[in-house]
Amino acid sequence: MASSSNKSVVPEAKEALNRFKMEAANEVGVNLKQGYNGDLTSREAGSVGGQMVKKMIKAYEESMR
């Protein structure tokens, strides 16, 4: 049985991830709202995801020092 890729392994992390997403969106100038954001363009959604990845890589690199 396959698990949903949308299901959090640690449910408590959901709020932290949501704050992280909102922070990344704010940094790239994308106005996210709570709940449904299906009206975003692909470029806007990609900018948010890309910013999240950049921040995760930076945090990982800093933790390796």
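The accessible surface of the protein chain comes to about 5600 Å², and 54% of this area belongs to carbon and sulfur atoms. Accessible areas here come from the Shrake-Rupley method with a 1.4 Å probe, and for residues only the protein chains shown count as cover. The structure is a predicted model, in which local features need pLDDT of at least 70 and side-chain atom pairs count only at pLDDT 80 or more, while totals for chains, interfaces and linings use all residues. Residues are numbered from 1 along each chain as its sequence is written, and side-chain values use heavy atoms, with hydrogens and water left out.

The secondary structure of the protein chain consists of two helices and zero strands. Helices (H or I, at least four residues) and strands (E, at least two) are taken as DSSP runs and numbered from the N terminus. Helix α1 covers residues 13-27, and helix α2 covers residues 42-63. Of the 65 residues in the protein chain, 14% are buried. Buried means under 20% relative accessible area, exposed means over 50%, and partly exposed lies in between (1.4 Å probe, protein chains only). Among contacts between residues at least 6 apart in sequence, 40% join residues at least 24 apart; contact means heavy atoms within 4.5 Å.

The interior comes next. In soluble globular proteins, nonpolar side chains tend to be buried together. The largest nonpolar core in this model has seven residues, namely Phe20, Ala24, Ala25, Val30, Leu32, Val48 and Met52. A nonpolar core is a set of buried Ala, Val, Leu, Ile, Met, Phe, Trp, Tyr and Cys residues joined through side-chain atoms within 4.5 Å. The elements that give two or more residues to this core are α1 and α2, and the largest share, three residues, comes from α1. Val30, a member of the core, is in contact with Ala25, Leu40, Glu44 and Val48 when neighbours within four places in sequence are left aside. Val48 is also a reference point for Glu23: the two residues are 25 apart in sequence, and their C-alpha atoms are 9.1 Å apart in space.

A search of the whole structure finds three salt bridges, where a salt bridge is a side-chain nitrogen of Lys or Arg within 4 Å of a carboxyl oxygen of Asp or Glu. Glu23 pairs with Lys55, with the closest N and O atoms 2.7 Å apart. Glu23 counts as partly exposed because its relative accessibility is 38%. Glu27 forms a salt bridge with Lys55 as well, at 3.1 Å between the closest N and O atoms. This pair likewise links distant parts of the chain, with Glu27 in helix α1 and Lys55 in helix α2, 28 residues apart. Glu27 has 41% relative accessibility and therefore counts as partly exposed.

The remaining pair to describe is Lys33 with Asp39, whose side chains meet in a salt bridge at 3.1 Å, N to O. Lys33 is partly exposed at 40% relative accessibility, whereas Asp39 is exposed, with a relative accessible area of 52%. Salt bridges that share partners join Glu23, Glu27 and Lys55 into one network.

The side chain of Gln51 makes a polar contact with the side chain of Glu27 at 2.7 Å. A polar contact is a pair of N or O atoms within 3.5 Å; within protein, one must be able to donate a hydrogen and the other to accept it, and residues adjacent in sequence count only if both atoms are side-chain atoms. Gln51 is found in helix α2 and is buried, with a relative accessible area of 17%. Not counting residues up to four places away in sequence, Gln51 touches Ala24, Glu27 and Val28.

The loop between α1 and α2 contains Asn37, which counts as buried at 17% relative accessibility. A polar atom of the Asn37 side chain lies 2.7 Å from the backbone oxygen of Lys33. Beyond residues up to four places away in sequence, Asn37 touches Asn31 and Leu32.

On the surface, Val53, Met56 and Ile57 form a nonpolar patch with about 270 Å² of accessible area together. Patches are made of residues with over 30% relative accessible area and no salt bridge; like charges are joined within 9 Å, and nonpolar side chains (Val, Leu, Ile, Met, Phe, Trp, Tyr) within 5 Å. Ile57 is placed in helix α2 and counts as partly exposed at 45% relative accessibility.
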